[in-house]
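My entries follow in the order I made them.

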Amino acid sequence: MANKLLVLAVILCLLLPALSALAATFTDDTQTEFDAGVYGNTVWDTNHVELSPGQTSGTFTSQVFDGGAVANWSQISWSETLISVDKLITVDVTADVWKSVDNAAAWSLVKDDYNGTDGNNAIDMVIDGNENLWILNNQDVWKSTDKGASWTKINDDYNGSETQNGAQIARDGGNNLYIAEADEDIWYSADGGVNWTKQAVNINGGVGNIGGFVGVGSSLYAADAASDVWKSTDSGINWTLVKDDYNGTDGNGVSHMTASTTGNLYIVDSQDVWKSTDAGVSWTKINNDYNGGETQNAVVMTINSSGHLFIAETDEDVWRSADDGVNWTKQGANINGGNGNIVGMAYVSVSTDITFAARSGNVNPPTDSFSGSLTNPSGGAPGVSDARYFQYQASFSTEDSGIIPELSSVTVTYTAGTPTPTSSGSPTPTPTPTPTPVETPVVEQVSSGGGGNDPTRIVFSGKAFPGATVGIYLMGVEYGQVLIDTEFKTQSDGSFKSEIVSPVEEQRLYGLLVKDKEGKPAKSKFFTYNLKFNTIVRQENIILAPTIKTNKPVFVRNEFLLVSGDAAPGNTVEALADGKVIDSARADDSGFYEMFINTNNLMLKIYNIQTRQIDSVSGKTSDVSETRIIKVGSFAFANIDFNQDGQINISDWSVFLSNWSSVDSNFRTKADLNGDGKLDVSDFSVFLVSFQLSQGH
């Protein structure tokens, strides 16, 4: 036994250089290293990568990292700076919507004339719990779901035949909307402003217009021109006077009202600021001249998530208090260039993000699509297959181009395999690159029937395979992944045609997400369009990738690899190994194809197997399919993968040593790799050769 252990120790020392996997890292943290990659709407700035000016999304794709041999890419980590701020949104009486992302110091126009051809005006604005913005304009109600960039008229006459205009708009904790009118009537909508019901008539007995109107949880508060504060706890039906003359002996009046997330109420009256911490029962003047020696009065007031109060004045100056209204600083002067009073003000949150995806392969560059969605910078597994080459892609996003994320360094950790030696034999053929079909749509200009702007129509048509399920999705940071209409099935010849409508002018990313006959995801395809009104975009003759299956992952020399799947009937399907065509077949009338490929014609190594179809009518070639990874090896390879994970590595070495030293004859038989009935150095030699073959040489 001692002699065996001695032999084992000697052999272990000889094999360790081949079997020991060394942890190593690649790092991008300088401009030179990042410049080796590709910037997509991103740039290098001083010491980090960031979005290009004016962009809300972009990517950085790294250089290709070479592990020297098949490697395990175990972790990717990075250093980032993500910013989350409150963005102030205002609307003025000329129907312009403005924004500031720096606490009201600098302002820019978000939307010119939110209400289009309707007359310029706005009365008040509110935001709901889902960050939808609502503008009240006399008897019209408008809504924005994209933080003020675009607006839709939800109701053009909320109170029907009545003639009173709305004076204030508010919402409660359940996102129900309320309007207080000039005659002190209260209206209520539970369906996002579509339908309205009058809840109460002349709630204060006609003592004066309502100048402040807010919701806190399930309660509503109204402050009127007589300085009285009223409260309703039943959706505006019944009202109770909670404070007569909130401002005591000061002259009656109220300019505007707001509430914090903790339920504190604030009223601004001309230049005075008042606060209540007990649901409006008692009030304290916290500042009796917020703007010092200036003479302008307040028009509208709001509070952000940090508890900072903001007031917009009659000269369009904006003031801010960071200490609960005690002290005030002028942040911006005449923010809209003299276009008229700011009448509505709210805040929305703005966040930034960086998400990582990765890919690997045994050709440079890898041909698989990037996959994964890592957001934790401290590190995570990229989820790629063991392969020689690795590449990452960082996707940058922000909800406002004025606030951008920053990426300063990236570290990729991998476990290296045995380095590939220089061979004196015939060189390995260079794989044939997978072609990328040109996908230029036909764009037609059409005239609007009503003289206005018609939304863009987008027509997708082409072939996939019979029985495929296709869904058209709107993709992107702003939308996530939204199915347009419903999924549809392809025809018996694999063809499809579907039309969608885009109601806005902007750059949009659409994805054709495909499922096979079993409902499992297949290869998708994506299109980006700069959409314009009064156009039809025809994305025709799309040839989607076929599906692919292989009969098993590990093969012994001379075994047959079966590649099968579905394509459009009559189309030619090509099988590729590491990008090189190795066989082809014709899909039958049902769309099914199969190829039996003798592995004797393949080298002993790991392969990425993919397929693509060539359309029998147009001759157009599809993208490649999903990837299936196989390994071709000697007899020893197929039998030395002791843990059957498709790899020969240090784990199999551990099992082999355990079997070799066991007293159990069944385990010892498994360690007899050359089948000579003995356990000796020859079996170690077989393991070493097989390990080297598994690394692709």
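I looked up Val-97 and found that its bridge partner in strand 9 is Lys-111. Strands here are DSSP runs of E with at least two residues, helices are runs of H or I with at least four, and both are numbered from the N terminus. Strand 8 (residues 97-100) and strand 9 run antiparallel and are joined by three bridges. I count two strands as paired if DSSP finds at least two bridges between them.

This is a predicted model, and I read local features only at pLDDT of at least 70 and side-chain atom pairs only at pLDDT 80 or more, while totals for chains, interfaces and linings use all residues. Residues are numbered from 1 along each chain as its sequence is written, and side-chain values use heavy atoms, with hydrogens and water left out.

I then checked the loop between strand 9 and strand 10 (124-127), where Asp-113 is placed. Asp-113 is not a glycine, yet has a positive phi of about 60 degrees. Its relative accessible area is 24%, which makes Asp-113 partly exposed; buried means under 20%, exposed over 50%, and partly exposed in between (1.4 Å probe, protein chains only).

Asp-578 also has a positive phi, about 55 degrees, without being a glycine. I found Asp-578 in the loop between strand 47 (572-577) and strand 48 (580-586). Asp-578 is buried, at 6% relative accessible area.

For cis peptides I noted the bond from Asn-364 to Pro-365, with omega near 0 degrees. Pro-365 lies in the loop between strand 31 (352-361) and strand 32 (371-374).

Which residues does Gly-511 contact, leaving aside neighbours within four places in sequence? I listed Gly-471, Ile-472, Tyr-473, Met-475, Lys-525 and Phe-526, with contact meaning heavy atoms within 4.5 Å. Gly-511 is in strand 41 (residues 507-515) and is buried, with a relative accessible area of 0%. Its C-alpha atom is 4.3 Å from that of Phe-526, 15 residues apart along the chain.

Last, I took down the totals. The protein has six helices and 51 strands, and 49% of its 697 residues are buried.
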